[in-house]
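I opened the model to look up a few things and kept short notes. The coordinates come first.

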Amino acid sequence: MTTTHGAVLPDTAPQQDGALVELRNAGKSYGNIRALHGVDLAVHPGKVTCVLGDNGAGKSTLIKIISGLHQHTEGEFLVDGEPVRFSTPREALDKGIAAVYQDLATVPLMPVWRNFFLGSELTKGPWPVRRLDIARMKQTADEELRAMGIVLDDLEQPIGTLSGGQRQCVAIARAVHFGARVLILDEPTAALGVKQSGVVLKYIAAARDRGLGVIFITHNPHHAYMVGDHFSVLRLGTLELSADRSEVSLEELTNHMAGGAELAALKHELAQVRGVDVEELPEEEDLTAPVKTSPAPPAYPASPEGTS
Ligand SMILES: Nc1ncnc2c1ncn2[C@@H]1O[C@H](COP(=O)(O)OP(=O)(O)OP(=O)(O)O)[C@@H](O)[C@H]1O
Ligand SMILES: [Mg+2]
């Protein structure tokens, strides 16, 4: 195997129990800010690794290291068991690591098939009369989308007319077609409704079934639990939880995400501010129950005759 940089990769790369990508005690500082510290993470083929955490927990920093946008400043980063240090996302792509970001790099007015091949257009004919091989691009895009179970009425429609979820799906199929082995999805369901999130989750599962190692970043423990094989929860730049699916329930995962203890402390603080006993705070069902009121006094004194 040869990369575009001319580096020859060994055919039988030493593997760390089959991990495609591995972080060992990895960390990243931006000047004085330590955004990530002591993180262990392994991505295996045919598995979905979910990275969860609150705002500022270090999720984006983590995937920027893996996708070649930033470099780690502590620990080790291995691909196929070999220590690496990427300088650009191109180097990560050459190793089969592709990232799909929320703000997808698509041209809204161009047809779906054109966006599918954006930057890697197929051509035909000898130089200098090489031209775009439109028929082959349309057919390939159609086949690849169908192989992932994505059925669009018309590949000629501008990609801007697709829903956010459908565009995510096209981006996933595109990464698969161009040979990704590791697929990184940064909050793909964050801006989507329930139904569309379900569609994206389905294609995450489809990518996994095709043998890719998927890193799924999300705030939502329910979405993570639907497709995840492993869960890594980040808090303030360190791993708070790293557990296989068999070791953690959805409830536990939700608690880790919500910071159960922190919520209890917050409730107490709020109660003190308001000067009420925490036990007196209404439960949710009390707030939704119909309000009981005493009969309203008549607006005018009732006439003794009872006439209206
Ligand atoms: N380029 C940067 N320079 C300095 N500090 C940064 C930089 N990028 C991130 N940070 C800091 O690193 C920490 C982790 O940020 P990061 O973006 O990785 O969090 P996140 O988990 O992706 O959050 P969100 O859910 O809001 O996207 C934050 O405290 C952030 O302010
Ligand atoms: Mg982020």
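I am working from a predicted model, in which local features need pLDDT of at least 70, side-chain atom pairs count only at pLDDT 80 or more, and totals for chains, interfaces and linings use all residues. Residues are numbered from 1 along each chain as its sequence is written, and chains are lettered from A and ligands numbered from 1 in the order in which they are written.

**Ligand 1.** I listed the residues around the ligand (C-beta atom, placed from the backbone, within 6 Å); among them are Tyr 30, Asn 55, Lys 59 and Thr 61. Helix H1 (59-66) gives the most to this shell, with three residues. Helices (H or I, at least four residues) and strands (E, at least two) are DSSP runs, numbered from the N terminus.

**Helix H5.** I checked the length of H5 (residues 164-177): its 14 residues should span 20 Å at 1.5 Å a residue, and the end C-alpha atoms are 20 Å apart, which agrees. The expected span is 1.5 Å times one less than the number of residues. I then counted 11 of the 14 residues as buried, meaning that 20 or more other C-beta atoms, placed from the backbone, lie within 10 Å of the residue's own. Arg 167 and Arg 174 are among the buried ones. Just after H5, I noted a positive phi of about 90° at Gly 179.

**Sheet.** I traced an open, antiparallel sheet of four strands in the order S2-S1-S4-S5; strands pair if DSSP finds at least two bridges between them. S2 and S5 (82-83) are the edge strands, each pairing on one side only. Seven bridges join S1 (residues 21-30) to S2, and Leu 23 stands opposite Leu 41 in S2.

Definitions and conventions
A residue is buried if 20 or more other C-beta atoms lie within 10 Å of its own, exposed if 12 or fewer, and partly exposed in between; C-beta atoms are placed from the backbone.
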